[in-house]
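Thank you all for making time this morning.

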Amino acid sequence: MPRYEFVEGTSSKFWQIDLNGPSFTTTFGRIGSSGQTSTKSFATDAKAQAEYDKLIAEKTKKGYQLVSGGSPPAPATSAAPVAAATPAATAPTPAAPVRSATPKAPKATSVEASAAPPVEAPAPPVPGSGPTVVMTDAAQRAAEKELAVFRVKPSRAEDAAGTSFPRVQEAFEKHIQPFVSRGLAHTSGDSARWSHAVLTQYGAPTLPTTLEVEAAAAVLQFFDWKGVRRGATPTSPDLVNLWVAHAGLGFAVEAFVTSLGDRQVVTDTLGTATWLADAPARPLENLFGYDTDRAIAESWLGATEAQRVAGRAHAEKLRAQGTLLQRSAIASCVLDPAWIDADLREHATTGERAMFSIEALLRATSASDLEAYFEKLSEADREYYLPKSRWLRASARDDGIEGYAFVQRLGLGGIDVACTRIATLLPQFSPDPYHGARVGELLRSLFEVARLAHEAPRVVDAAIAVLEKAGDEKIGKDSDPRPAAYDCLRSSPNLALQRLRDVRQKWAKNLLPQLERLVSGGASDDRADAELGALPAFLQKNAAFKAPDFWQPAALPRIVLRDGTLLPIAVLGTLAAALKADDPAPIAELQRVAEPASLAAFGWDLFQAWLLGGANSKEKWAFTALGRLGNDDTARRLTPLVRAWPGESQHARAVLGLDVLGAIGSDVALMMLNGIAQKVKFKGLQERARERMDEIASKRGMSAEQLADRLVPDLDLEDDGSKTLDFGPRSFRVGFDETLSPFVVDATGARLKDLPKPNSKDDPTLGAEATEVWKAMKKDVRALASIQIVRLELGMGNARRWTGEEFRNFFVDHPLLTHLVRRLVWGVYDDGKLARTFRVAEDRTFADAGDDACDVDPTAAVGIVHRLHLTDVEATAWSTVFADYELAQPFEQLSRATYRLAPDEAGATALTRFAGRVVETKKILGLLSRGWRKGPPQDAGCIFEVYKPIRSDLIASLPFEMGLNAGGMDYVDPTQKLGVVDFAPSIPDWGRSRPDLVPLASLDEVIVSEVIRDIESMGQVTT
């Protein structure tokens, strides 16, 4: 099989072709990857051979060189010589982590001078190179910071009598002595004896001649009691200084080891008495106390040689007779690497419980022993190594250990330690913000460490495990490990791609295309890269761009230019810099030369990468880029997310999504924006969408209603309001019913429930295209139908009028709305009075109730006729016409219930007929689908009225008692008592009367009837 390779600049691609009779198979991709395969078949062997020869000629002309499997063709005389391809070297597996310090890119005026944007880590290795670790500059800094936090600095013990003891005695009198004294009543035996010794030795005004180990161990636990830890004075270091200065290092070590016994401090129910009680299974957090081990280590390092010799002899004696728990505690105090390694090895072998401070673990040399230690930790002991919540922190050390330092010293072994910790923590992980936050926070940190590895199976498996467990659950930003887990998979695309092919969860399906592009190195599209000189001027310069973690250009779809070439991956950093700067001019340059669909695909995957990367608000340019690059399909995919985000505590992101829809600006995008303004369950988002629509309308010099008239997309329907879906041998027609639900009609005229699937006789390309068109149409119509029907019904109820020209342009000639228009009775109005009625025939001419043709003047006032304006005879005549033509109406018009003011209401400014009526709360919420809106929330988020905007200068108000909850329906009464209804230009505000009330008699009778009808539709609760 002939294999060709092209290696030049940043390109490193292969292409091979295998001819087999009337077909051939091509394989292409990045050198070192398995690539992608495509097979084509032809009618004859000769045609396959001709296409085979043509493709080889095209590849050699582009600079591809034959490297195996055939004879190179004779070079064309016009072809420029091309340098021989250099075989890709296989990267060796390092024995230790390799630090990759990225130098600053030199200033350049072209892409050749700086071929690729600076990135933090190199590209993943090719398959077969084995797992590797790359210590990036950021990881190196993190490791150094980690070591700095846990670095032990030498400290000399102060004079015990002159400094340490007064501080200890003062803290003891203030925080401990009263509680211990009261605690004696609860104790007996050793606890009482120890308490007496503590009171005697540490409550005395002068330093005793000798110190007792048991009393020292007891007082250490008292000083570590939470009541003291909350105080401002650190006590354990003072206590250690006292011991070291008074009795030596060995005594301090022995006192600490003795404190690790099976007793701990407890208090009575009121917290007024303190004593020691049995505690056979104290966790590491309790055993290590208040940095006592660190205080001893600091004193050890600051001691004289003679003091250390004497202390070590005492420590060795204690180790010889102690348990592994005690020996490992001593090793943590002395920080002797040999003792630490020996104790870790013994723990790994025997499983006997041990305890190591973080400082001690950072001095261990065996990754496997560290793995065994973390793996065997109990859930309670594991808490010691978790980062603490800020309000619980007692010292800077309580940040926990992430593990960059482990990787810095142990290479892949350090990665294995991180994976072991992930595996042991995963069973404790929960999306619950109260119980899973700390575990999630550490998992996130551990995955940040694990992603330093490339093509490491344990890392890939760990990432998949946490993603499968977390799924699509809502997790707090700081405790969500998923973004870092995604990065781990993208850092190991070859392995991840193999593992994820059988994973059925949504996140895996979304990630697969990115992994495929990473594996192919962006070479999955075999078209040539564009010449740099042919690109827009701004892309020929290397703009400064600090790449965020989610930015992986090779994982994004290639941008196709209008001439069929591809935008080089090397310039994407410059494009990202322009998107981040939000400068429309350079993006407009790119839009002129790029295929819109490929820009939209690139923008959507960039947005998805930002979401998967944690959606950092500082990098929201990857979101707003949709407004520059997106199209109708982008708007369709974004809208469901915008609608859902407020319910996921992402209101600000949802509001930004409204701006993105507005920036896309197409009819479909604005239709989606208007749909949110009309109906969404989150009031704040709905109000912002309405404001956004008002802003757009104002810029265009029209009202929001007039803008909405112009925003109904035609869905690419044909002039008659239908559409042909072509399968090749078969074709189908799409029509719409009275609710704008689409249906399919076959060639025989039979109506089908859905579009059939293409069969073997259909053209596969045409069938696939038609199916996609049908799916998109159904989505758009679902979003359109209820909004447009409600809009027309409100237009009738609010007595809205259009000119004859507007009526023709926006309704009659509209290929979608014409299906609704033909099912309604329309009227021409003169000075607000109905002059004549008509309908729109199927051929879009106008006819009266007698089916005689009529005309509508372009300047006439046209509206949807309300039942109030028709006599019974006229209504019956029109009902007969619609029945004859089998036209069902989209909403009640001819059979609509009507209402009028009572004589005593004509002179009033408010409708009192509903005052005191009790209705179900859910019925009030039902008014929101009839154009009513919730009033502004009052104290505690209560809402006490709904209102209906009728015109820009007229709003109806309906107050009620008990109220709704702005935050949800919890604790809301099932019924509400209604108040009086009034009309005014201003929005109602509960508790404040509107001074500009409009007399009821001055209102259009249709408006009054519709408001009464809405309220009557709620019924009432009988008591």
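What follows is a short tour of ring pairs, and then of charges over rings.

Please keep in mind that this is a predicted model, in which local features need pLDDT of at least 70 and side-chain atom pairs count only at pLDDT 80 or more, while totals for chains, interfaces and linings use all residues. Residues are numbered from 1 along each chain as its sequence is written, and side-chain values use heavy atoms, with hydrogens and water left out.

A search of the whole structure finds 29 aromatic pairs, where rings of Phe, Tyr and Trp (its six-membered ring) pair if their centres lie within 6.5 Å, and planes under 30 degrees apart count as stacked, over 60 as edge-to-face and the rest as tilted. Phe374 and Tyr385 are edge-to-face, because their ring planes stand at 75°, with the centres 5.6 Å apart. Phe374 is buried at 3% relative accessibility, and Tyr385 is buried at 1%, where buried means under 20% relative accessible area, exposed over 50% and partly exposed in between, with a 1.4 Å probe and protein chains only.

Turning to charges, Arg801 lies over the face of Tyr829, 3.7 Å from the ring centre, the criterion being NZ of Lys or CZ of Arg within 6 Å of the ring centre and within 35 degrees of the ring normal. The charged end of Arg182 likewise sits over the ring of Phe179, at 5.3 Å from its centre.
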